[in-house]
Amino acid sequence: MATLQGGLLGPDPGALSPAQQEQLRNFKIQTRIANEKYLRTHKEIELLISGFFREMFLKRPDSIQEFSADYFTDPRLPNKIHMQLIKEKKAA
C-alpha cells in the first residue's frame, strides 16, 4: 500500500476478494441511484445549491469555507427556500 501526500494511505487492491469487490461495486451503484432519486424528488436541495453557487459567484468571497458556513447557517435560509418553492409552484 502506497503512502499518498499528507500521509494518507492509497488503495490496497488485494484487501478485498473479487466477490467483495463486486459487492462493493454494486453497493456504490445502488447508492448513486438512491442519491439521484432523492435529489430529483427534493426540489429544495436544487434551490439550496443553486442559490449558494449564485451568491458565491456574485460575491466572490476570499474564504469559501467561511462564506459557506455563513450561508448555510443563516437562520433566514429555510424561509428563503420555502418562499422559492412556493413561487415555483405558483409559476407552474
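This is a short tour of the structure, from the whole chain down to one residue. The model is predicted.

**Whole chain**

Start with the protein chain in cartoon view. Count the elements: there are 4 helices and 0 strands. Read from the N terminus, the order is α-α-α-α.

Now zoom out and turn the model along its principal axes. The C-alpha atoms fill a box of roughly 55 × 35 × 20 Å. How does the radius of gyration of the protein chain stand against that of a compact globule of 92 residues? The chain has 20 Å, while such a globule would have a value near 12 Å.

**Surface**

The protein chain exposes about 8000 Å², and 59% of that comes from carbon and sulfur atoms. Buried residues make up 14% of the 92.

**Core**

Hide the surface and select Leu47, Phe52, Met56, Phe67, Tyr71, Leu77, Ile81 and Leu85. These 8 residues form the largest nonpolar core. Which elements give two or more residues to this core? They are helix 2 (43-59), helix 3 (64-72) and helix 4 (77-91). In soluble globular proteins, nonpolar side chains tend to be buried together.

**One residue**

Centre on Tyr71, a member of that core. Leaving out residues up to four places away in sequence, Tyr71 touches Leu48, Gly51, Phe52, Glu55 and Leu77. Two of these partners, Phe52 and Leu77, also belong to the core.

**Contacts**

Finish with contacts across the chain. Take those between residues at least 6 apart in sequence: 31% of them join residues at least 24 apart.

Notes
Residues are numbered from 1 along each chain as its sequence is written. This is a predicted model: local features need pLDDT of at least 70, side-chain atom pairs count only at pLDDT 80 or more; totals for chains, interfaces and linings use all residues. Side-chain values use heavy atoms; hydrogens and water are left out. A nonpolar core is a set of buried Ala, Val, Leu, Ile, Met, Phe, Trp, Tyr and Cys residues joined through side-chain atoms within 4.5 Å. Buried means under 20% relative accessible area, exposed over 50%, partly exposed in between (1.4 Å probe, protein chains only). Contact means heavy atoms within 4.5 Å. The radius of gyration is taken over C-alpha atoms; the globule rule is 2.2 Å times the number of residues to the power 0.38. Accessible areas come from the Shrake-Rupley method with a 1.4 Å probe; for residues, only the protein chains shown count as cover.
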